[in-house]
Amino acid sequence: MPVNSSHTLLTGITKQDPRAIGRAISVVENNLSDAAEILAGLDPKRIENALVLGITGPPGAGKSTLTSSLISELRRRNKRVGIVAIDPSSPISGGAVLGDRIRMMEHALDKDVVVRSMATRGRLGGLCASAGATVRIMAASGCDVILIETVGVGQSEMDIIRLADITIMVLAPGFGDDIQAMKAGLLEVADFLVVNKYDLPGADALRMEMQQIFVQKEEESNIPRVLETIASENSGIKKLIDSLHSFEAYIETNSIKTKRRHEALDSETLDWIFEILRPRFTEQLKKDSNPQQTDPRIRAQQLIANTPNG
Amino acid sequence: MTTPYRVLIGKPGLDGHDRGAKFIARALRDEGFEVIYTGIRRTAAEIAATAIQEDVDVIGLSSLSGAHLRLFPEVIKELKARGAADIPVLGGGVIPDEDMEALLAAGMKAIFTPGTPAATIIKSFSDACEQ
């Protein structure tokens, strides 16, 4: 692998060179020494102006297919699009099979569609930091809209999705108890609910049920929040994007977008704090290989107290 | 913590038999690799463009259709055209002995045929990533 200076990578990002964008994301994801320099050199104006969409939902609801049809429609509207597709790593081997691209291959040769698959790498922290930095690199390369796609289960996914300006939850008929389980969590943070696979039986009932949950959100913004799609046939996609743009205007005028960006910045910062401190404490743990203290909390406090600053 | 290697597994051309490709993808995952799987029926250009976006350390191609002599070198050509000739390409499938030399001469790092032990294949991927 050729070694690229951060300056070369930054120039490449501005010129929308796919190799430079891909390399820069790796440098940041792997927290290599050039990461800070790259992130510091990104165009803040472009980052501010990009729209970040979070797409989540249970496995099999059609997130990747919906993402692909959203890409098609955004491209028709001359938008450059970035996609961060997140899948879980194996907790045993640490490896992962990242297959979200399969449904997006029709865009593989489009230079204005930047896709990056990312594994969770079993981190408690760090994923928010990596995903957030990837969004910034894509935005700095001129992406107008960036989609973060992740399976909607678990706290870490919820944290990632909150990096987005607008969150879309994708459901499909026939998930039953999964949807019941999600009501308490992600449904509360979702701005939009997409009932995908609308040609399947049970779709109408699901939409009506969801509309009851979203009735308050719809009333406060006067924008439809529960929408139907058949992503595999590109059906309902235009209306979804129109609604997303109306909602974008709505959250810009009442400062919700600014507030969300501040919150995202805080959670990314906290994540970076853990990322930056982790190597130091991993080192301390190794040195303390035969611990006298067997209570983890007390041991942690002692390690922090005994770790040099800086 | 070491950083996982990133691998692209792709099937160029028209054959739709992806059992081998998926087997290798899973075997690599179980050894700690991050595997980007592109699915079947990809063009060489799609595979090269994807490998660059995903910044993979190595590409593994699978072909069972007999078109490997054309399809595998085509991927190498597309990588070169995109300034990514440094990404090593490995290949596997139903490949007669007499085609091996031509593929290696075309720039393939290694070729695997039916019966190659998974451990040998994984070792080749690791070696290619380390280079």
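This short talk walks through a predicted model with chains A and B.

First, the ground rules. Residues are numbered from 1 along each chain as its sequence is written, and chains are lettered from A and ligands numbered from 1 in the order in which they are written. As the model is predicted, local features need pLDDT of at least 70, side-chain atom pairs count only at pLDDT 80 or more, and totals for chains, interfaces and linings use all residues.

Let me start with chain A. Its domain assignment gives domain 1 (1-41), domain 2 (43-267) and domain 3 (270-306). Such bounds come from an automatic or database domain assignment. Taken over C-alpha atoms, the centres of domain 2 and domain 3 of chain A are 36 Å apart. Domain 2 of chain A puts 6 residues into their contact, and domain 3 of chain A puts in 5. Contact here means C-beta atoms, placed from the backbone, within 7 Å. Which elements give two or more residues to the domain 2 side? They are α6 and α12 of chain A. Helices are DSSP runs of H or I, at least four residues; strands are runs of E, at least two; both are numbered from the N terminus.

Now those two helices. α6(A) covers residues 127-140 and α12(A) covers residues 256-287. They pack at an angle of about 120°, with axes 7 Å apart. Axes are lines fitted to C-alpha atoms, for helices over the stretch in contact, and angles run from 0 to 180 degrees between N-to-C directions. α6(A) and α12(A) are therefore oblique to each other. The cut-offs: under 35 degrees is roughly parallel, over 145 roughly antiparallel, 65 to 115 roughly perpendicular, and the rest oblique. On the α6(A) side, Cys128(A), Ala129(A) and Gly132(A) make the contact. Among their partners in α12(A) are Ala264(A), Asp271(A) and Trp272(A).

Next, the sheet in chain A. It is open, has 7 strands and runs β4-β2-β5-β1-β6-β7-β8, with parallel pairing. Two strands pair if DSSP finds at least two bridges between them. β4 and β8 (226-228) of chain A stand at the edges with a single partner strand each, so one side of each has no neighbour in the sheet. From one strand to the next, the twist averages 20°. β2(A), residues 81-87, pairs with β4(A) over 7 bridges. There, Val81(A) has Val113(A) in β4(A) as its bridge partner.

On to the two chains together. Their contact takes 28 residues from chain A and 29 from chain B. What gives the most to the chain A side? α2(A) does, with 6 residues.

Within chain B, β1(B) (residues 6-10) and β3(B) (residues 58-63) are joined by 4 bridges. Ile9(B) has Gly60(B) in β3(B) as its bridge partner.

Key: Contact = placed C-beta atoms within 7 Å.
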